[in-house]
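Me: Could you walk me through this protein chain? I would like to start with the overall build and then look at some details.

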Amino acid sequence: MPGQSRVVLLKPLVTSPLIEVGDFSYYDDPDDPTAFETRNVLYHYGPERLVIGKYCALGEGVRFIMNGANHRMDGPSTFPFPIMGGSWSEHFDLISGLPGRGDTVVGNDVWFGYRSTVMPGVRIGHGAVIASGAVVVDDV
């Protein structure tokens, strides 16, 4: 955006095939708005997708937590031992088969307030307004 170095259109910046952003959706960040994909889409180890519609406004610090942040809850520990390497790596079953909530999908014309957080698998409909500091855990 001319004269506003802290505001960027997201679609031209996204390189991951697991992230889709519609036309004219923008992000505001005084530190590094071009790093949205790595700083604001967290634990995105796939295969779930993040889909953001057209004309969305994302305030500073908006975060999308993806399914990779989940830990098994049905084992001897919630700690993800296998990803630490060593002899634990042979016990991949401790992190495989994590329950997924599916893709995170944002409709068109959604406004995300300052430092709002969206949890995995949430669907947000067209025209929604997400309050500053909100943690969205279910569909809106």
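This is a predicted model: local features need pLDDT of at least 70, side-chain atom pairs count only at pLDDT 80 or more; totals for chains, interfaces and linings use all residues.

Me: How many helices and strands does the protein chain have?
Reply: The protein chain has one helix and 13 strands.

Me: Which residues have the most contacts inside the largest nonpolar core?
Reply: They are Ile-52, Leu-58, Phe-64, Phe-112 and Ile-124, in a core of 24 residues. Strand E2 (19-21) and strand E5 (50-52) each contribute at least two residues to this core. As a general point, nonpolar side chains in soluble globular proteins tend to be buried together.

Me: What does Ile-52 touch?
Reply: Leaving aside residues up to four places away in sequence, Ile-52 touches Glu-20, Val-21, Gly-22, Ser-25, Phe-36, Leu-58, Phe-64 and Val-106.

Me: Let us change topic to the sheet. In what order do the five strands of the open sheet run?
Reply: The order is E1-E3-E6-E9-E12, with mixed pairing.

Me: Why is one side of E1 and of E12 left without a neighbour in the sheet?
Reply: Strand E1 (7-9) and strand E12 (129-130) stand at the edges and have a single partner strand each, so one side of each has no neighbour in the sheet.

Me: Is the pairing of E1 and E3 parallel or antiparallel?
Reply: E1 and strand E3 (residues 26-28) pair in the antiparallel sense, over three bridges. Within this pairing, Leu-9 stands opposite Tyr-26 in E3.

Me: Now the aromatic rings. How many aromatic pairs are there?
Reply: The count comes to four aromatic pairs. One of them joins Phe-24 and Tyr-55, whose ring centres are 5.4 Å apart with planes at 15°; an angle under 30 degrees counts as stacked, so this pair is stacked. Phe-24 is in the loop between E2 and E3, while Tyr-55 is in the loop between E5 and strand E6 (57-58), 31 residues apart.

Me: Is the pair of Phe-64 and Phe-112 stacked or edge-to-face?
Reply: The ring centres of Phe-64 and Phe-112 lie 5.6 Å apart and the planes are at 70°, so the pair is edge-to-face. Phe-64 belongs to strand E7 (residues 63-65) and Phe-112 to strand E9 (residues 111-112), so the pair ties together parts 48 residues apart in sequence.

Me: Are these two buried or exposed?
Reply: Phe-64 is buried, at 0% relative accessibility, and Phe-112 is likewise buried at 0%. Together with Tyr-27 and Phe-36, Phe-64 and Phe-112 form one aromatic cluster.

Note on methods
Residues are numbered from 1 along each chain as its sequence is written. Side-chain values use heavy atoms; hydrogens and water are left out. Helices (H or I, at least four residues) and strands (E, at least two) are DSSP runs, numbered from the N terminus. A nonpolar core is a set of buried Ala, Val, Leu, Ile, Met, Phe, Trp, Tyr and Cys residues joined through side-chain atoms within 4.5 Å. Buried means under 20% relative accessible area, exposed over 50%, partly exposed in between (1.4 Å probe, protein chains only). Contact means heavy atoms within 4.5 Å. Two strands pair if DSSP finds at least two bridges between them. Rings of Phe, Tyr and Trp (its six-membered ring) pair if their centres lie within 6.5 Å; planes under 30 degrees apart count as stacked, over 60 as edge-to-face and the rest as tilted.
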